[in-house]
Amino acid sequence: MELLGRWYKATFERSHRSEEMNRGLILKFENLVQLRGACQQLRTLSYRKVYRAQWKPVQSSAHPVWSVLLYPQLWQKDKLISITLPQHRHLATKEETKKKKKKIPLAKGEVEIRQKMTIEELAQAMGKDIDHIYEALLYTDIDLDSLEPDSILYEDHIKLVVKKSGMKYKSAKLKEEKERKNTDAVKRPPADPAVLTPRPPVVTILGHVDHGKTTLLDSLRKTQVASMEAGGITQHIGAFLVHLPSGEKITFLDTPGHAAFSAMRARGTHVTDIVILVVAAEDGVMQQTIESIQHAKNAGVPLILAINKCDKPEADPERVKKELLAHDVICEEFGGDVQAVNISALKGENLMVLAEATVALAEMLELKADSTGLVEATVIESRKDKGKGPVTTAIIQRGTLRKGCVLVAGKTWAKVRFMFDENGKAIDAAPPGIPVEIMGWKEVPSAGDEILEVESEQRAHEVVAWRTYVEQQDRMKKDVEVIEAKQKEHRMEYKKKQQPLAHLTWRQRKAVLYKANKHLMFLKPKERTEMDKNVLSVIVKGDVDGSLEAILNILDSYDADDECKLDIIHFGMGDISETDISLAEAFNGVVFGFSVKANESVKQLAAKKGVKIKLHNIIYKLIEDLKDELNSRLPPSVVEDTIGEASVLDTFSVTVGKNKIPVAGCRVQKGLLDKKMKFKLIRNRDVIWKGSLSSLKHHKDDVQVIKTGMDCGLSLDKNLEFNIGDEIICYEEKEVQQTTSWDPGF
């Protein structure tokens, strides 16, 4: 075996010399030690009758484990070489890699910088390691503990790091982004007058709440809309086609009269041809009446005045006409151009006169539309229906809508699957001026969105993609502005905080700031949030887009952030889901639902997670409930409840030990003085002391209570001189729940 070992060693040395000549590499001494260990292993194995064994090198390698067939009687030179050479080559390659490994080149001259570089990118551009960047950032207002190699640095910080490193910088040339082609859908040019055909007028009913607008429509179309509305108040915008006995058709838009739905009324006037202004004869001009007149003027739409409830004894139509003169609504009898019709919507009086006045005005306006070509329409209302999916009510303004048409509205599109009229009956076509309910939308568009027909589904995808892109670009611009403003604000605040610490080293500053904020580190996240600010987080779910918009408009008027911040974390259409509950739990919020439901599983989950669900069908109640929730978030205010009043009639002092204590001789004028309560001393209407009594005596006896008309002597817990005529007030502090100062307008 010794001969075999010497032969193996000689063979290896020859092979090594050959390898050295070919590759010019030197085998390290440690490889020889490894081979010697391998020889010893071979010697041990040769004494055992083993035909196959696994041999692993003493030192681990990056190569797979060797598996060698060992036959002691058949060892040959080429096999030994084939076993050893791969390990030699691997080690040689490793050595070469180390030599060839590039070092970070040290940047000479100018460093090329760009906006929003990461720490790692800046280190590479400067030819420095990351620790060097961290050291340079000590001179900035950045919190180093929050930084990672992939953290983004802004331009002013980048420039400062380069300057502190003794280098110069130059801005990298920005790559010009290729301008994206505008693929939006637009309206067609005006149609040739020769192809225009008459269409029904679109009439909007406007007026103050409870002045009889819906009752008027009910009488015209012989249906009961108000009975289906919660509380008898119209809270959705509706579009209906009314067939008159004369054969004429009028499309009516019924908009809610309440202040909360001002935006919905405004949207109604922008798609209408004529406005019927309903004013109750006994109430006269009200707030929403004035708003309705303004909406009509802004839209440039002619008015017809319908003076309702003329059947009531207290009705005074003439007073209504005179009140409207102040708002530039001049009736024909006063020399104006506004037709006035006295009606009773409840009894159906003079309704045909009103309809004829509407038709006559429509004829004067010569309302015509192009019923050919691509469809143009406006979304009046949109909602999510459990059976139908996203559904919209729309008024067709141009073209004829049919099944299979591809429409786009906002950032969604539809292939029309079904169309329904106002009675829920399926229809095949809808010409201009006709209201129609459309099924087939991918998402729910917003009320007021413009509907345009496109040639194909592919074209619809292009339009939606472009509109989404434009919105993203606008959002990015706004985000950048907000970020820059916040950064500026934070820097100013940081500089203000750092001024008292300017004379300290950065380590000393860190220590001072740590001590100042140490108590915050041990607070729970919820406690920390409550310390920072008092917040009511709400999730709002509505049945239709218009109702949701009205609620959000009211919440936008919230102006009491200094009392309690109102944070709308999510809003949407449809019933309350488990996702809403989870979101409310994360933000410690409340879920408000308007005309929607929450199934039993959702209610159980909410109860389990401690989330409040508030469901309402009337907007007044929802806002009142929201105000109650805001009030519950406000800290209670302390109110002083006066129990008794006394006046100082004389002053003297008593000696206790070595001290002289001032004493007031008083008479109780009102109520009683109770030693357990709190007291205040008033002089010339100014409160000069608040605290408790150290003694209260009636003659020479210590007493607890002195009633009205009784004399007493008292001393304060503070050595304060009394003056004759001072007032002593006994009071009790009570905590009273505050109410929000926010006024939503009703």
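Contact here means heavy atoms within 4.5 Å. This is a predicted model, in which local features need pLDDT of at least 70 and side-chain atom pairs count only at pLDDT 80 or more, while totals for chains, interfaces and linings use all residues. Residues are numbered from 1 along each chain as its sequence is written, and side-chain values use heavy atoms, with hydrogens and water left out.

**Exercise 1. Find out where Lys541 sits and which residues Lys541 is in contact with.**

Step 1: Lys541 belongs to strand β23 (strands are DSSP runs of E with at least two residues, helices are runs of H or I with at least four, and both are numbered from the N terminus).

Step 2: check the cover. Lys541 counts as buried because its relative accessibility is 6% (buried means under 20% relative accessible area, exposed over 50%, partly exposed in between, using a 1.4 Å probe and protein chains only).

Step 3: list the partners. Leaving aside neighbours within four places in sequence, Lys541 is in contact with Leu548, Gly572, Met573, Gly574, Asp575, Ile576, Asp580, Phe592, Gly593, Phe594 and Val596.

**Exercise 2. Now do Val535: is Val535 buried or partly exposed, and what does Val535 touch?**

Step 1: Val535 is also found in strand β23, which covers residues 535–542.

Step 2: with 23% relative accessibility, Val535 counts as partly exposed.

Step 3: not counting residues up to four places away in sequence, Val535 touches Cys564, Lys565, Asp567 and Arg633. For Cys564, 29 residues apart from Val535 along the chain, the C-alpha atoms are separated by 5.6 Å.

**Exercise 3. Describe how helices α15 and α18 pack.**

Step 1: Two packed helices are described by the angle between their axes and the distance between the axes.

Step 2: read them off. Helix α15 (residues 545–556) packs with helix α18 (residues 619–633) at an angle of about 35°, and their axes are 12 Å apart (axes are lines fitted to C-alpha atoms, for helices over the stretch in contact, and angles run from 0 to 180 degrees between N-to-C directions).

Step 3: name the residues. Ile551, Ile554 and Leu555 of α15 make the contact with Ile619, Leu622, Ile623 and Leu626 of α18.

**Exercise 4. Work through some salt bridges: how many does a search of the whole structure find, and what do the pairs tie together?**

Step 1: the search of the whole structure gives 34 salt bridges (a side-chain nitrogen of Lys or Arg within 4 Å of a carboxyl oxygen of Asp or Glu).

Step 2: take Glu333 and Lys321, whose closest N and O atoms are 2.5 Å apart. Glu333 lies in the loop between α10 and β13 (339–342) and Lys321 in helix α10, so this pair ties together parts twelve residues apart in sequence. Glu333 is partly exposed at 48% relative accessible area, whereas Lys321 is buried at 5%.

Step 3: go on to Arg398 and Asp370, with closest N and O atoms 3.5 Å apart. Arg398 lies in strand β16 (residues 389–398) and Asp370 in strand β14 (residues 368–370), so the parts tied together are 28 residues apart in sequence. Arg398 and Asp370 are both buried.

Step 4: look at Arg383 and Glu437, where the closest N and O atoms are 3.0 Å apart. Arg383 is in strand β15 (residues 376–385) and Glu437 in strand β21 (residues 435–441), 54 residues apart.

Step 5: finish with a network of salt bridges, which links Lys612, Lys614, Asp625, Glu629 and Arg633.
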